[in-house]
Amino acid sequence: MLNVAVLVSGGGTNLQAILDAKAAGGLAHAKIALVLASKPGVYALERAAKAGVPGAVVCRRSYAAPEAFDAALLETLRACRIDVVVLAGFLSILGGAVIEAYPNRILNVHPSLIPSFCGAGYYGLRVHEAALKRGVKVTGATVHLVNEIPDGGRILLQKAVEVLPDDTPETLQKRVMEQAEWQLLPQALDALTAELDRGGESEA
């Protein structure tokens with residue numbers, strides 16, 4: 001059983017998908033050991049509390065330098081003996097020290113079919129605004145391993161979602177969450193933790 005930390009910055013809908021999967025008897029190799037938020041008061045911390053999962057806050061604005069923020073993140077993760085990190089709507093970019101500490105053990109869900117609409121500056125509604133502006137007929141979500149390149153790690157799972165003619169960024173965001181993100185993230189976490197629990201190491 002591997003200790004998993006879910007890093008969040010907002011409402012925590014992807015976190016809830018993971019918690020629901022665990023409650024339903026899935027994620028046999030994963031213990032959700034920590035929910036870490038990048039700012040206080042976010043609803044994701046309430047979701048964690050309701051599920052009996054410890055919560056913590058490491059606020060980016062509390063640290064003058066990115067390196068200090070990374071050090072605080074690492075200190076919190078190590079104190080909870082975390083084995084795998086999941087970025088579930090975490091809006092702070094992880095620095096090299098964190099990525100090096102968890103090689104091929106950090107998952108991220110991104111609301112597009114990478115390599116489309118990804119990389120620096122593409123997050124939240126911006127991704128869906130870009131997809132609609134481009135006029136694509138299909139978008140989706142991707143779960144990938146995290147490396148030093150934003151959205152550049154190895155792709156683990158992808159799922160396509162249809163773009164409808166009357167979509168707004170908000171309606172498209174909701175459909176991508178419901179039809180792709182909430183399904184893919186627990187699946188990818190289950191596969192990664194099962195592989196690592198058997199003694200394997202996922203490749204970058």
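Predicted model: local features only at pLDDT ≥ 70, side-chain atom pairs only at ≥ 80, totals over all residues.
Trainee: Which residues make the contact between α1 and α6, and how are they divided by class?

Mentor: From α1 the contact takes T13, N14, A17, I18 and A21, and from α6 it takes M177, E181, W182, L185, P186 and L189. By class, the contact of α1 with α6 holds eight nonpolar, two polar and one charged residues.

Trainee: Why is α1 called roughly parallel to α2?

Mentor: The axes of α1 and α2 come within 9 Å and cross at roughly 15°. Angles under 35 degrees count as roughly parallel, and the crossing angle therefore makes α1 roughly parallel to α2. The crossing of α1 and α2 is right-handed, and in it T13, L15, Q16 and L19 of α1 meet A44, R47 and A48 of α2. Sorted by class, the contact of α1 with α2 has four nonpolar, two polar and one charged residues.

Trainee: Which residues of α1 are buried, and what covers them?

Mentor: The buried residues of α1 are N14, L15, A17, I18 and L19. Their cover includes the strands β1 (2-8), β2 (30-37), β4 (84-87) and β5 (106-110), together with the helices α2 (43-50) and α6.

Trainee: What makes α5 and α6 roughly perpendicular to each other?

Mentor: The axes of α5 and α6 come within 9 Å and cross at roughly 110°. The range that counts as roughly perpendicular runs from 65 to 115 degrees, and α5 and α6 are therefore given that description. The crossing of α5 and α6 is right-handed. On the α5 side L125, H128, E129, A131 and L132 take part, and they meet P169, E170, L172, Q173 and V176 in α6. By class, the contact of α5 with α6 has six nonpolar, two polar and two charged residues.

Trainee: How do you know that Q187 counts as partly exposed?

Mentor: Exposed means over 50% relative accessible area and buried means under 20%; Q187, at 44% relative accessibility, therefore counts as partly exposed.

Trainee: L27 and R81 both have a positive phi without being glycines; how do you know whether each counts as buried or exposed?

Mentor: Each is set against the cut-offs in turn. L27, with a positive phi of about 50°, lies in the loop between α1 and β2. Buried means under 20%, and L27, at 4% relative accessibility, therefore counts as buried. R81, whose phi is about 55°, is placed in the loop between α3 (66-79) and β4. Exposed means over 50%, so R81, at 66% relative accessibility, counts as exposed.

Trainee: Where does a positive phi occur just after α1?

Mentor: Just after α1, G25 takes a positive phi of about 100°.

Trainee: Which peptide bond is cis?

Mentor: The cis peptide bond joins I114 and P115, with omega at about 20°. P115 is found in the loop between β5 and α5 (125-134).

Trainee: Which residues touch the most other members of the largest nonpolar core, and what does V6 contact?

Mentor: The largest nonpolar core has 39 residues, of which V6 and L189 touch the most other members. Helix α6 (residues 169-197) supplies the largest share of this core, nine residues. Leaving aside its neighbours within four places in sequence, V6 is in contact with L15, I18, I32, L34, V35, L36, V86 and A88. There is also a second, separate core of 22 residues, and its members include A5, V58, A72 and L74.

Note on methods
Residues numbered from 1 in each chain as written. Heavy atoms only, no water. Core = buried A, V, L, I, M, F, W, Y, C linked by side-chain atoms within 4.5 Å. Buried < 20%, exposed > 50% of the residue type's maximum accessible area, 1.4 Å probe, protein only. Helix = DSSP H or I, 4+ residues; strand = E, 2+ residues; numbered from the N terminus. Contact = heavy atoms within 4.5 Å. Nonpolar A, V, L, I, M, F, W, Y, C, P; charged D, E, K, R; others polar. Axes fitted to C-alpha atoms, helices over the stretch in contact; angles between N-to-C directions. Parallel < 35°, antiparallel > 145°, perpendicular 65-115°, else oblique. Left-handed = near helix turned anticlockwise from the far one by under 90°.
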